[in-house]
Structure formats: C-alpha cells, structure tokens
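The following note is meant for a colleague who is opening this structure for the opening look. Please read the points beside the sequence and the model.

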Amino acid sequence: MNKYDLIVIGGGPAGMAAALSAKKAGINDLLIVERDSVLGGILNQCIHNGFGLHTFKEELTGPEYAERYSDMVKQEEIPYELNTMVLSLEQTEDGLKAVTVISPKRGVQTLYAKAVILAMGCRERPRGALNIPGFRPQGVYTAGTAQKLVNLEGAKIGKQVVILGSGDIGLIMARRMTLEGAKVTAVAELMPYSSGLKRNIVQCLDDFGIPLLLSHTVVDIKGREKLEGVYIAKVDEKLRPIEGTEEYYPCDTLLLSCGLIPENELSLGAGIEIDPRTNGAFVDESLETNISGVFACGNVLHVHDLVDFVSEESSRAGASAAEYILSGDRQKGRVIDVNAGNGVRYTVPCRIDLNKTSELTHIRFRVTGVFKNTAIVVKSGDKELLRKRTQILVPSEMVDLLLKKEKLSEIDQSIDVYIEEVQK
Amino acid sequence: MYDVIIIGAGAVGCAAAMELSKYKLRICVIDKESDVCEGTSKANSAIVHAGFDAKPGTLKAELNVRGSKLMKKLSEKLDFAYKQNGAMVLCFDEADAGKLEELKQRASINGVEGVSIISGDEARKLEPSLSDEVKAALLANTSAIVCPFEMTLAFAENAYANGTEFRLSEKVSAISNKDGVFTVTTDKGELTAGIVINAAGVFADEIHSMVSAQPMKITPRRGEYMLMDKAAGSTVSRTIFQLPTKMGKGILVTPTVHGNLLAGPTAEDIDDKLDVATTRQGLDEVRAKGSLSVKNIPFNKVITGFSGLRAVGDTGDFIIRESDVKGFIDAAGIESPGLTSAPAIGEYLCEIVSGIIKLEKKDNYIDTRKGVVHFGTLTKEQQNELIAKDPSYGRIVCRCEGVTEGEILDAINRPLGARTLDGVKRRTRAGMGRCQAGFCSPTTMALIAQKLGISIADVRKTGAFDADRRQDDE
C-alpha cells in the first residue's frame with residue numbers, strides 16, 4: 001500500500017512537470033507529495049503575467065500557468081497528496097527510498113519508492129543572513145513573503161516602501177506595491193548590476209519611475225517596534241559601505257530580494273552531495289544525484305529565472321526517473337566532469353555519463369558578471385564542441401546550451417565551459 | 001487591593017510571582033509590553049552559569065550557585081528546555097594562567113563542584129574546534145544552557161495557574177505610598193497593594209525613583225549576538241568563554257539548547273534603554289573575538305543577529321532588598337548571572353516578603369506546568385497518537401523547525417497565550433529557523449488574526465495590536 005515506483009517531492013511547477021513526464025514514459029504507480037493545500041507552489045502568488053512564453057507560446061499569469069499543469073495532472077489521474085510534508089528521505093538496504101511524510105490524514109508514515117524526484121523549490125535569503133545592522137521591527141519582509149501577504153491574503157502591508165536587492169521578486173513587488181497605492185522610493189542593489197531580468201527592470205521600475213540604486217545597500221534599520229526608515233549607503237568595489245554616503249529613507253516597509261537558496265535540508269539528510277556554488281545537488285546529465293534513483297529538478301537544483309526552463313528541465317528528470325525505474329540502474333559508462341571555467345559560475349550538470357546521453361544534452365549555467373561581445377566556448381581537451389557568439393551575458397539570465405550526441409561521442413576527457421573575449 | 005504587585009514580567013518578576021503564588025496572596029504582575037519575557041530576559045546568552053565567576057560573598061555568587069542548582073529540577077517540573085553541557089574558560093596567554101587559578105578558587109569558595117584546570121591540548125581534545133592559541137582552560141562541568149523564553153513563560157504560566165493576575169500592555173506611570181498602601185498608577189487605571197516589587201529590568205531605576213528618594217542608576221549595557229543555523233550547532237558542545245575583562249565575560253561561543261550556535265555578546269554601555277539595535281561594529285566584533293576562541297566559526301550560516309540590554313546597577317552586585325520605603329522591594333541591577341539566578345532571586349524575594357507580612361502556604365498549590373508540545377521531540381508513536389486526537393498536529397506550518405499548526409494553536413490558546421508573531425515564535429520556535437519566518441508567517445498571522453478577530457494586516461510582530469493605527473489607515 002505504501003510502495004510506489006516513483007515519489008515526486010513537491011507539487012509546484014517542477015514536481016508537476018516531472019510527474020507528467022514520468023507518467024508519459026509509462027510510470028503509473030507514482031505519487032506527488034505537496035506540503036501546501038493546493039498544487040502549483042510559488043506560482044500561485046505570482047499573479048503577474050510573463051509565464052509560459054516558451055512552453056505554451058502565450059503569456060500567462062503564474063496561477064494560470066500552474067493551472068495548466070494541475071489540470072494535466074488531474075487529467076492524467078496522477079495521484080497527489082496535499083498538506084503533506086516530507087520529513088526525511090533515506091535509502092533502504094534493498095535499494096528502495098524511504099520517504100517519511102506527515103499529514104493530518106496519514107499521520108507520520110514511511111512510504112517506499114524505487115525512485116524519488118526532488119522538486120522542493122527554494123527559499124528566500126532572510127534579513128538575518130544578510131547581517132544588516134539595526135533594529136528588528138515589524139515591516140521588514142522578504143519580497144516573496146510580502147507577495148504572499150498582498151496577493152493571497154489581501155493584506156495591506158505598507159505605504160512607503162524601500163526594496164533591498166533587485167532580484168525578480170523584488171522588482172515584481174516594486175510594481176505590485178505601487179499598484180496597491182504604496183510609494184516605492186528606491187530599489188537598492190549591492191552589485192553594480194541587477195540580479196533581475198531586464199524586462200522586469202523596464203516593466204516594474206522604469207515604467208513607474210522607481211529609481212534603481214546600483215552599488216548601494218541598506219546599512220541601518222530604524223524603528224523599535226515598527227519600521228520608521230532605513231539608511232542606504234554606496235558601496236565600494238569590494239562591496240563595503242562607503243562612509244559619508246549614507247542617506248535616510250523614511251519607510252514603513254522594507255522588502256528584501258537578496259537571493260534565493262535551494263531548499264536542500266532534506267537532501268542533505270539523505271546524504272546527497274550539494275554543490276556549494278548552487279546550493280543544489282551535484283547531478284549528471286540525466287539530473288540524477290550521487291544517490292542512484294534520486295533525481296533533482298527546478299529551483300531545488302539551481303535557481304531559475306524562467307518557469308518555462310523549470311518545466312523543461314523537470315520533464316527531463318521525470319523521463320530519467322522513468323527510465324531508471326523501467327530498465328533498472330544502467331551500467332555507468334565513462335563519466336566526464338563538466339568544469340566551469342572563466343566567467344562561468346557553475347554548470348548543471350557537473351558531470352556527464354557518456355553511456356546515458358540522449359540526442360541533445362543540456363548544459364545550463366550562469367555567468368559571474370556582465371560580459372559584452374564575448375563567445376561561450378565548450379571544449380574538451382583540444383576539441384571545441386561548441387562556440388556561440390553573444391552580445392551580452394548577465395548573471396540574472398540563465399544560459400542554456402545544447403550539445404549534440406555525436407559531439408560528445410568524440411571526446412574522452414573533461415569538458416570546460418568558459419567565456420572568451422572576442423576581438424571586434 | 002493586592003497583597004503584592006510585581007512590576008516587570010521578565011525572568012525575575014515571573015520567578016518572584018511563581019514563588020509567592022505558593023502562598024495565600026493576591027498577586028499581580030504588570031508589564032508595559034504585550035507579552036512576558038520582552039526585555040533583558042529574551043535577549044541574552046541563555047547560559048546557566050556554574051558560579052565560578054561571581055565574587056565570593058556577593059549576592060551574585062550566592063544566588064548564581066543556588067539558581068544553578070535549582071534549574072535542572074525546575075526544568076523537569078515546569079517543562080522547559082535545559083541541558084547541562086559544561087563550559088570552558090579559555091586562556092590565551094601563559095601569563096594569565098593565574099587568572100584561571102583565581103577562578104578555580106572562587107569556584108571552590110562559592111561551592112561550585114566539578115571545576116578543574118586543563119591544558120590547551122586537553123581542551124582541544126574535548127573541543128576539537130578550539131583555537132591552537134588556547135594555552136589552558138578552566139573546565140566547569142555544571143554549566144548548562146536553557147531556553148530563556150520557555151523558562152520565563154514556564155514561571156509565568158505556573159504563577160498564573162496558581163492565581164497570579166497578569167496585566168500586560170500596561171505601563172506604570174507613578175507610585176504613591178500612603179499609610180502603608182501603595183497606589184500604582186498606570187495608563188489603564190490605579191491599583192493598590194501592600195507590597196510592591198520592582199523587577200523592571202533596565203527601567204528599575206525609574207520605578208525605584210517613583211517611590212524612593214535614594215539614588216539608583218541602571219545603565220543599559222548592550223550586547224550584540226549572532227545566531228547560526230542548526231547545521232553549525234555542533235561546532236562546539238560546551239559553552240566557550242574567554243577570560244573575563246572589566247567589561248564582562250568577553251565573547252562566548254555556545255550551542256543553544258535547541259541546537260543552534262550562538263556567538264556574542266559585545267558589551268557597550270549606552271544611554272537609550274530602548275536601543276536594541278545591532279551595529280556593524282558590534283557584529284564585526286562578535287566575529288573577530290569569537291574567532292579567537294573557535295576556529296572556522298561558520299559565520300556564513302548566520303540566520304539572525306540581535307541585541308540585548310543588561311541592566312547594570314551602580315553597586316557591582318544585584319540590588320535585592322526592601323528599600324528605604326517600607327514594603328517597596330527592589331530587585332534591580334540584575335545583570336549576568338541574572339537568568340541563572342532568577343529562581344533563587346524569586347526565593348530570596350519571597351523571604352523578604354515573609355519578613356513584612358506573614359505568609360501562609362496554599363493547600364492547592366500546583367507545582368508543575370506543561371509547556372507547548374514540541375512535536376519534533378516526540379517519538380513517532382506519540383506523534384501519531386497526537387495527530388489521531390488532533391489532526392492539526394499533522395500539518396507542518398514552520399518547515400525549518402518542524403512546528404505544527406497544533407503547537408501554534410496551543411501557543412495562542414493557552415493561558416497567557418501568544419498575541420504576536422514573536423510571541424508564537426518564542427513559545428513554539430515557529431519562525432526561529434533558517435528562513436526566519438519567510439514561509440510560516442502568513443499562516444501564523446492568519447491563525448493569530450482568527451483568534452483576535454482582527455485582519456491579518458493588523459497582526460503585529462511584537463507589541464500590542466494597535467487600534468489607533470488602524471483608524472489612521474481608514
């Protein structure tokens with residue numbers, strides 16, 4: 001009764017896409033476990049549009065995008081359990097995965113599966129982790145928490161807003177708070193470039209005349225019980241606040257959009273190796289972690305900027321899990337590393353099993369800074385596998401490369417991905 | 001008319017109320033904050049000091065050692081977290097070895113057992129993360145850690161169960177004394193009592209001066225802390241002190257009773273009794289000095305920083321005595337080791353009261369208290385039993401700390417229940433984890449809003465729901 005072929009942990013966009021793809025590949029005995037009371041994950045609170053341009057070739061809101069997938073899940077009769085949280089993941093001696101869940105219905109119970117897909121998403125970096133000095137008053141929220149309060153609970157949280165960090169949720173919330181009648185006085189960004197998508201800067205800040213202060217940060221928070229204001233200062237090239245540049249911004253709300261962290265406490269407990277660059281699992285090209293039969297996809301693997309990329313990636317994880325279940329743990333072939341070279345912060349995957357590659361192998365990564373007129377190069381020893389000229393590369397936009405199978409069949413040593421200056 | 005009014009619902013005020021509630025007395029605790037444990041008691045190192053530090057012959061020494069001896073049993077009876085993890089005082093310079101010896105002698109005079117001096121290598125064997133610079137250390141086995149919120153709440157709830165009245169969100173503005181009766185004027189009215197106990201923490205001098213002409217000055221000494229993720233909790237197993245300086249015990253590094261790692265406090269005398277802000281300099285100091293004791297403290301795992309104010313008196317010792325005004329008792333200058341001493345201070349105050357009026361034991365005194373269930377600490381069988389009885393225990397609200405809806409509802413609905421996000425946090429740990437309430441606060445706010453019959457936007461992080469503010473908005 002408690003045994004499944006596949007358990008998908010998380011019923012957001014990643015989990016749903018993974019489950020659908022596994023089902024399509026012939027896995028009928030599967031279960032999606034979701035801790036919230038509805039499917040859809042964070043999309044439910046993303047009521048703005050801009051979702052689905054790649055997947056559905058049309059512009060949807062977050063809830064609409066989620067609904068497309070949850071409708072498919074229901075149509076395909078994929079079982080899912082809501083209000084159910086996974087407490088631990090372990091391997092049993094006979095190679096099964098023991099998934100201990102808690103829910104009002106089941107109580108605390110251990111379920112078993114041949115394969116597991118991790119799709120738990122990510123969390124926001126809180127104020128404490130940023131070490132912003134000052135008081136700890138009411139009125140300081142991470143942007144996503146504010147988004148949930150405003151969009152799902154209908155709460156008015158403030159009238160005068162400062163935003164620290166220019167991550168996409170922060171930018172979206174700058175517009176949202178403005179539309180709610182609040183005055184957003186500034187968005188301060190520590191880095192000399194925004195960590196949000198260009199289109200969000202244009203549509204959420206520029207269109208509303210909200211200033212983006214690059215190389216600025218909040219250095220003090222005032223107000224004992226309720227937020228009264230913040231000091232914002234310029235930072236030097238080492239990101240240290242420059243004394244004398246502090247300016248006071250009265251506000252009753254400070255939103256933080258300073259980074260997302262894949263939520264891998266469960267994975268760590270299971271012994272899954274985590275890449276310190278992404279805070280997500282090290283995976284191979286099939287999105288399998290170091291524990292065979294455990295796959296990861298979506299924001300729990302690495303933080304995405306587009307849900308369409310999450311869905312695509314997760315479909316691959318679902319297909320890989322299906323193949324694992326149907327044909328057993330395939331014999332490992334030659335495994336080569338994928339190294340992040342100059343200008344490349346990380347790559348997913350970080351290794352490729354040459355026995356398992358499909359027609360096209362995705363390599364996704366983010367760059368370490370802003371690069372203009374450069375080329376992305378993928379090389380294995382002396383063999384150049386791919387070269388792609390680019391006008392501009394920014395850290396906020398994930399790069400997705402495709403390597404053809406025949407290219408990979410030629411190589412026998414590790415792959416380097418790097419950014420190369422191009423002579424004009 | 002009350003027999004005793006206690007001003008201040010911190011660890012000391014609540015301990016006094018608990019102790020006095022054993023007797024047939026009408027007792028009332030007043031606090032200007034909306035919850036108990038809102039001042040010094042909530043932001044400190046949470047250490048049950050062994051008692052080797054206090055100068056022999058002082059009240060601090062006597063009450064510290066007594067408090068330390070009472071604490072374990074109290075934690076069992078009143079159901080709050082306590083762990084005897086031991087402590088070390090590190091010496092970095094062979095020239096300072098005499099100071100360790102002095103502490104050891106103090107320990108012996110104060111009656112503290114289990115204290116010895118060990119070499120740097122022996123210290124590193126016990127605590128492998130200690131710095132290579134450690135030359136010697138004092139080892140104190142009876143040192144312990146406690147949850148200061150739970151402890152104070154436990155005292156308060158026990159006092160409440162034994163008939164003590166709590167008037168929260170009520171601020172004392174004046175106290176007058178006529179014919180042996182005190183009239184305590186607050187922003188909500190006037191209360192009378194035969195005895196007033198001043199346990200007002202950093203404000204104890206102001207309360208004192210409402211009654212007594214004798215001078216008293218309390219200086220708020222701010223201490224800044226950094227709290228790290230549970231993933232860093234096993235960096236050290238004991239509380240690691242540095243040899244004390246004039247400004248206090250130096251920066252300590254300690255596991256908390258719930259398994260986080262805590263580093264701090266700084267020591268800075270300030271003027272503003274409300275200034276619990278952290279500063280860049282302060283946090284930098286915690287990082288720098290903490291790193292002298294322990295190698296590779298994972299400061300990248302900091303989940304929050306906070307400040308607390310110690311209530312430093314002007315005598316160098318606790319000021320616990322009936323003042324020049326008969327019936328007005330000060331419990332002032334309760335700086336470190338105040339948290340440890342709190343239960344002993346409660347006893348001591350009770351003794352002072354018994355010298356003023358005759359105390360008669362209650363017949364139906366309740367000496368136990370059951371706290372909010374911490375679901376995560378139960379066995380699987382206990383968990384399932386609880387969920388079968390009440391399915392809300394099957395719904396995790398705070399994913400980082402594994403706190404269920406059942407626990408949050410209990411925290412809100414129990415006597416002296418939580419009315420704010422911080423109130424829920426301190427009773428259940430919901431929001432105390434690595435995401436710092438990012439995910440759980442909307443749900444917790446909804447549960448509080450439902451209880452108070454207010455809108456979710458009116459739920460406060462701390463302080464009282466403020467009807468004026470809502471009117472402003474409308």
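Helices (H or I, at least four residues) and strands (E, at least two) are DSSP runs, numbered from the N terminus. This is a predicted model, in which local features need pLDDT of at least 70 and side-chain atom pairs count only at pLDDT 80 or more, while totals for chains, interfaces and linings use all residues. Residues are numbered from 1 along each chain as its sequence is written, chains are lettered from A and ligands numbered from 1 in the order in which they are written, and side-chain values use heavy atoms, with hydrogens and water left out.

1. Cis peptide bonds in chain B. Gly264(B) and Pro265(B) are joined by a cis peptide bond with omega about -10°, and Pro265(B) sits in the loop between β16 (261–264) and β17 (268–269) of chain B. Another cis peptide bond links Ser336(B) to Pro337(B), with omega about 5°; Pro337(B) belongs to the loop between β20 (328–332) and α8 (338–354) of chain B.

2. Positive phi values. Most residues other than glycine have a negative phi, and most peptide bonds are trans. Ser215(A), a residue other than glycine, has a positive phi near 55° and is found in the loop between β13 (212–214) and β14 (216–222) of chain A. In chain B, Asn296(B) likewise has a positive phi, near 50°, and its place is the loop between α7 (280–293) and β18 (302–312).

3. Helices α1 and α2 of chain A. The axes (lines fitted to C-alpha atoms, for helices over the stretch in contact, with angles running from 0 to 180 degrees between N-to-C directions) of α1 (residues 13–24) and α2 (residues 62–75) of chain A come within 10 Å and cross at roughly 35°. The crossing of α1(A) with α2(A) is left-handed, a word used if the near helix is turned anticlockwise from the far one by less than a right angle, with right-handed used if clockwise. Contact means heavy atoms within 4.5 Å, and here Met16(A), Ala17(A) and Leu20(A) of α1(A) meet Ala66(A), Tyr69(A), Ser70(A), Met72(A) and Val73(A) of α2(A). By class, this contact has 7 nonpolar, 1 polar and no charged residues, where Ala, Val, Leu, Ile, Met, Phe, Trp, Tyr, Cys and Pro count as nonpolar, Asp, Glu, Lys and Arg as charged, and the others, Gly among them, as polar.

4. Helices α4 and α5 of chain A. The axes of α4 (residues 143–151) and α5 (residues 168–179) of chain A come within 9 Å and cross at roughly 35°, and the crossing is left-handed. From α4(A), the residues in contact include Ala143(A), Gln147(A) and Val150(A), while those from α5(A) include Ile169(A), Met173(A) and Arg176(A). The residues of this contact divide into 7 nonpolar, 4 polar and 1 charged.

5. Helices α10 and α12 of chain B. The axes of α10 (residues 405–413) and α12 (residues 441–452) of chain B come within 10 Å and cross at roughly 35°, in a crossing that is right-handed. Glu405(B), Ile408(B), Leu409(B), Ile412(B) and Asn413(B) of α10(B) meet Thr444(B), Leu447(B), Ile448(B) and Lys451(B) of α12(B), and by class these are 5 nonpolar, 2 polar and 2 charged.

6. Domains of chain B. The domain assignment, whose bounds come from an automatic or database source, gives domain 1 (1–81 + 146–218 + 313–371), domain 2 (87–141 + 219–309) and domain 3 (375–473) of chain B. The C-alpha centres of domain 1 and domain 2 of chain B lie 28 Å apart, and 28 residues of domain 1 are in contact with 30 residues of domain 2. About 2300 Å² is buried between these two domains, 60% of it given by carbon and sulfur atoms; buried area is the accessible area (1.4 Å probe) that two parts lose on being put together, summed over both. Across this interface the rule finds 2 salt bridges, each being a side-chain nitrogen of Lys or Arg within 4 Å of a carboxyl oxygen of Asp or Glu.

7. The interface of the two chains. How many residues does each chain bring to the contact? Chain A gives 41 and chain B gives 47, and the area buried between them is about 3700 Å², with 55% from carbon and sulfur atoms. The count between chain A and chain B is 3 salt bridges. Arg434(B) forms a salt bridge with Glu265(A), the closest N and O atoms being 3.4 Å apart.
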